[in-house]
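Trainee: I have a model open on my screen and would like to learn how to read it. Could we go through a few features together?

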Amino acid sequence: MITALAGDTSRLRETVDFVKEQDTATLLRLVLPGLDGPELRSLVERCAFSHAALLVFPPDQAALDATLADCGLVADAPQRPSVVVRERLAVRHKRSAAELDIGVLRPAVECADGVRRMVELFALTVPPGSDLETVAAHERERQHEAHVAFEVEAPDPLVLRGLCAAFARYGATPDGGGYNPHEDGTVFYFAAPAEAKAGYRRVELYVPGDHRDLLDAHLDEHRGRRPAETLLRMLTGAWTTQALAAFVRLEVADAMDETRGVDVAELARDIGAFAPNLATLLRYLTMLGVVTEDRDGFRLTDTGALLRADAEGSMRSLALMYGGPFYESFAGLGHTVRTGQVAFEQRFGENHFDHFARDPELAELFDQSMAAGSRMFDPLPTHPVLTGAPEGATVVDIAGGNGELLGRILSAHPRLRGLLLERPHTVETARRLLGAAGHTARCTFSVGDFADVPAGGDVYVLSRVLHDWDDDRCREILRHCARAMSDDADLLVVERVLPADGSASLATAWDLHMMCNVGGRERRADHYAQLFAEAGLTLAGLAPLPLDGSVLHVRKAAR
């Protein structure tokens, strides 16, 4: 119970910090990717970020008061009954609503932009030993009721319809709602689009007054989303992949920018395309939030700008890989599931490492696509193993690709030295890129395979390597590392770790990708721990990274 209460307090403190740091325009862009320009300004004029919400489960009122005090919050009004959340929990857990006495508090928070906002705190009292403990455990794990909310400034029906339509255009889908007579307010809930970056899966539009006429239509859409429509959207996902790949191959993004709309005819002349068909492609990409249309024509959104070749953090190479070789091989997914054989090898007649290595253009594209996911690495140079490494310590990056990660580490820590182990053609690329970054004097390069992991390193790095291989090969690779490591050396393993609870994660998607195209897999933390142990190593810690990544800190096992 104490641990659960501490978790509630920690989540509440994080919610308070989130509310302090946000403003309406920034949060709308995070919640609705692709929204910008005139439409963003229009929404900012009509609704305002009002609060972030959390559901907690104190054993009694005193514990709730203590949690509020620990987070610097003061409830300036007594709890009111929460009708909407109570009904949602009753349905979800097949309980009588009368069993669920849920109250709501809205303590104020002074924000960085000078605006006074709120934390909306739903509280369900769960005494020790209560049969509601299973409800609390499920809700704490899933966080169904956590959301961000925007309050509609002028609750005119026409404005409200427009706001709901705008949310839908950018991928938000109706997710229930209700009218609370205790405070005379109507709530419209939306599920955030999968691409949302706010960290919340649900969004609320709060409208003062009774708007159940409009709410009925919203709820009908929520209830009436036909399974066939949902399935059809899934089935057409391949069109999205190819639309993005074509956008990149034709260099459309490179001919556009984020500040000026371009007429389709002008754009077609610039890239050598058939204007009517280009317009069709751009309309589809507008629906996805990659481009937007204004009176001057089409222009890139922040999302679309990542497909430019010169963009910082460009994802152009990923579009070409996922819309090219990996797209072709995914057609053989059924073969992989039926036979256990790798679809890529069936399609191209060899494994993907050999296939890319024999084609210099493909090899360069593959290395670029690996680097395109480098945002995962952003926090890694601040890992305690690296910040605490002594002057002159050597970081050995095993199969380190083009040196993107090693370069970040050396840039962050001028006192450290680097060694990159890779295949011949990749070593030359890494030598060129790390040299351009000014790291030549502190970095050496070694051509070889996993059996050639050099001894004498202080920190070893295996980044997105183990997921390429089955368990036997992983154990072999890890044993090579263990043999090279001194008793004081550290190993940092960067991978996407499968959630133990089966919750949604990019790791689950990559697990399918690795199975189909490489013959590898993603793994849970306990699976990695077992592999480490079988190689004479031990898992010392695990920390999250962006893009659903993780860094696993590994040491040699005590003898």
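Mentor: Helices (H or I, at least four residues) and strands (E, at least two) are DSSP runs, numbered from the N terminus. One caution: this is a predicted model, where local features need pLDDT of at least 70 and side-chain atom pairs count only at pLDDT 80 or more, while totals for chains, interfaces and linings use all residues. Residues are numbered from 1 along each chain as its sequence is written, and side-chain values use heavy atoms, with hydrogens and water left out.

Trainee: Okay, which residues of H11 meet H12?

Mentor: From H11 (residues 264-271), look at Val264, Leu267, Ala268 and Ile271; they meet Ala275, Leu278, Ala279 and Leu282 in H12. For classes, Ala, Val, Leu, Ile, Met, Phe, Trp, Tyr, Cys and Pro count as nonpolar, Asp, Glu, Lys and Arg as charged, and the others, Gly among them, as polar. This contact has 8 nonpolar, no polar and no charged residues.

Trainee: At what angle do H11 and H12 pack?

Mentor: Axes are lines fitted to C-alpha atoms, for helices over the stretch in contact, and angles run from 0 to 180 degrees between N-to-C directions. Under 35 degrees counts as roughly parallel, over 145 as roughly antiparallel, 65 to 115 as roughly perpendicular and the rest as oblique. H11 and H12 pack at about 110°, with axes 9 Å apart, so they are roughly perpendicular to each other.

Trainee: What is the handedness of the crossing of H3 and H7?

Mentor: A crossing is left-handed if the near helix is turned anticlockwise from the far one by less than a right angle, and right-handed if clockwise. H3 passes H7 in a left-handed crossing. Their angle is about 135°, with the axes 11 Å apart. Glu39, Leu43 and Arg46 in H3 meet Val159, Leu163, Ala166, Phe167 and Arg169 in H7. By class, that contact has 5 nonpolar, no polar and 3 charged residues.

Trainee: And how is the crossing of H23 and H25 handed?

Mentor: That crossing is right-handed. The axes of H23 and H25 come within 9 Å and cross at roughly 55°, which makes H23 oblique to H25.

Trainee: Now the sheet: in what order do the 7 strands run?

Mentor: Two strands pair if DSSP finds at least two bridges between them. The open sheet has the order S14-S13-S12-S15-S16-S20-S19, with mixed pairing. S14 and S19 are the edge strands, each pairing on one side only. Helix H25 packs on the sheet too, touching S16, S19 and S20.

Trainee: How many bridges join S19 and S20?

Mentor: Those two pair in the antiparallel sense over 8 bridges, and leucine 542 stands opposite leucine 552 in S20. On the S16 side, S16 and S20 pair antiparallel over 5 bridges, with valine 493 opposite leucine 552. The hairpin of S19 and S20 has 3 residues between the strands, and there leucine 547 takes a positive phi near 60°.

Trainee: Last one: how many salt bridges does a search find?

Mentor: Side chains of opposite charge can pair when their charged atoms come close. A salt bridge is a side-chain nitrogen of Lys or Arg within 4 Å of a carboxyl oxygen of Asp or Glu. The whole structure has 32 salt bridges. One of them joins arginine 140 and aspartate 8 (2.8 Å, N to O). Arginine 140 lies in H6 and aspartate 8 in H1, so the pair ties together parts 132 residues apart in sequence.

Conventions:
Contact means heavy atoms within 4.5 Å.
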